[in-house]
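Dear colleague,

Please find below the structure that I am handing over to you. My notes on it follow directly after.

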Protein chains: 2
Amino acid sequence: MTAGAALDVALAYHRACTSGDFEQAMRYVADDVVCLAPSGRHEGAEAFRAFMGPFAAGLTRAELLAAFGDEETALVMYDSDTTLVRGAPGAECVRVREGRIVEMRIVFDRVPFEAARRAAAAGAPR
Amino acid sequence: MTAGAALDVALAYHRACTSGDFEQAMRYVADDVVCLAPSGRHEGAEAFRAFMGPFAAGLTRAELLAAFGDEETALVMYDSDTTLVRGAPGAECVRVREGRIVEMRIVFDRVPFEAARRAAAAGAPR
């Protein structure tokens with residue numbers, strides 16, 4: 001790991017997000033955050049919460065694999081288990097301004113999540 | 001970006017891989033490399049070549065978004081266009097030993113690639 005203000009914020013966000021306290025994590029997210037995700041562009045804190053909150057709520061394990069950054073940018077990769085998928089790694093590149101994340105690009109594979117949702121839907125009572 | 005031997009190797013690999021010279025990129029990959037990808041575990045240089053070569057061959061644009069590292073570990077995120085998919089970001093966390101990548105964890109979203117392959121198959125002559 002390297003030091004840097006952006007990395008501190010990214011790690012504080014990550015710790016809060018993976019500790020079950022997503023509202024604490026949102027303290028590190030700017031009101032005008034732009035999140036570029038596999039599902040598209042999510043603009044603003046409310047859209048960010050709607051996108052990321054369900055993932056955070058479903059987390060059962062998170063392991064930080066690598067984290068680096070400088071004053072403005074941080075890059076983290078983690079592995080995670082959620083109630084839907086076991087072994088779901090993700091990577092986040094964040095830009096930080098005044099202690100808050102103003103941009104996040106998140107990369108993960110949607111395939112196992114889509115498969116789990118299809119399986120859950122198929123097994124649901126009709 | 002931060003300095004470090006692992007980052008140098010990761011960037012040299014990335015430059016070669018995105019320049020159309022995949023065999024040059026393979027010079028930075030250890031014979032006993034282990035690659036953890038969305039599709040599973042690829043062990044050894046031949047398996048790595050079989051997995052990564054087709055992606056590299058299809059690249060039409062690559063843009064490094066962030067790159068950090070230290071002596072042993074590097075983490076990069078990039079955006080890419082390929083002949084199959086436009087706007088396909090990926091992240092790679094690599095461990096380096098003696099100038100070569102011994103471990104790579106690569107994260108990307110397989111959904112657009114699978115959709116493109118299905119579309120291509122549906123449109124192919126029968």
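Asp31(B) is exposed, because its relative accessible area is 61% and the cut-off for that class is over 50%. In this predicted model, Asp31(B) forms a salt bridge with Arg100(B), and the closest N and O atoms of the two are 3.8 Å apart. Asp31(B) belongs to strand S1 (residues 29-37) of chain B and Arg100(B) to strand S6 of chain B, so the pair ties together parts that are 69 residues apart in sequence. Arg100(B), for its part, is partly exposed, with a relative accessible area of 34%.

Over all chains, the structure holds 20 salt bridges. One of these is found in chain A, where the side chains of Glu23(A) and Arg49(A) meet at 2.8 Å, N to O. This pair links distant parts of the chain: Glu23(A) sits in helix H2 (residues 22-26) of chain A and Arg49(A) in helix H3 (residues 45-58) of chain A, 26 residues apart. Both are partly exposed, Glu23(A) with a relative accessible area of 44% and Arg49(A) with 24%.

In chain B, Glu63(B) forms a salt bridge with Arg61(B), with 3.1 Å between the closest N and O atoms. In chain A, salt bridges that share partners join Arg61(A), Glu63(A), Asp79(A), Asp81(A) and Arg86(A) into one network.

I turn next to the contact between the chains. Chain B and chain A each bring 28 residues to this contact. The area buried between them is about 2100 Å², and carbon and sulfur atoms give 72% of that area. Phe68(B), Leu75(B) and Met77(B) supply 28% of the area that chain B buries against chain A, more than any other three residues.

How many salt bridges are counted between chain B and chain A? The count is two. Asp109(B) forms a salt bridge with Arg110(A), where the closest N and O atoms are 2.7 Å apart. The side of chain B that touches chain A has 16 nonpolar, four polar and eight charged residues.

Finally, I draw your attention to Val96(A), which lies in strand S5 (residues 90-97) of chain A. Val96(A) counts as buried because its relative accessibility is 12%, and the cut-off is under 20%. Leaving aside residues up to four places away in sequence, Val96(A) touches Ala6(A), Val9(A), Glu72(A), Ile101(A) and Val102(A). Val96(A) and Thr73(A) are 23 residues apart in sequence, and 6.3 Å separates their C-alpha atoms in space.

Yours sincerely

How values were computed:
Residues numbered from 1 in each chain as written. Chains lettered and ligands numbered in written order. Predicted model: local features only at pLDDT ≥ 70, side-chain atom pairs only at ≥ 80, totals over all residues. Heavy atoms only, no water. Helix = DSSP H or I, 4+ residues; strand = E, 2+ residues; numbered from the N terminus. Buried < 20%, exposed > 50% of the residue type's maximum accessible area, 1.4 Å probe, protein only. Contact = heavy atoms within 4.5 Å. Buried area = accessible area lost by both parts, 1.4 Å probe. Salt bridge = Lys/Arg side-chain N within 4 Å of Asp/Glu carboxyl O. Nonpolar A, V, L, I, M, F, W, Y, C, P; charged D, E, K, R; others polar.
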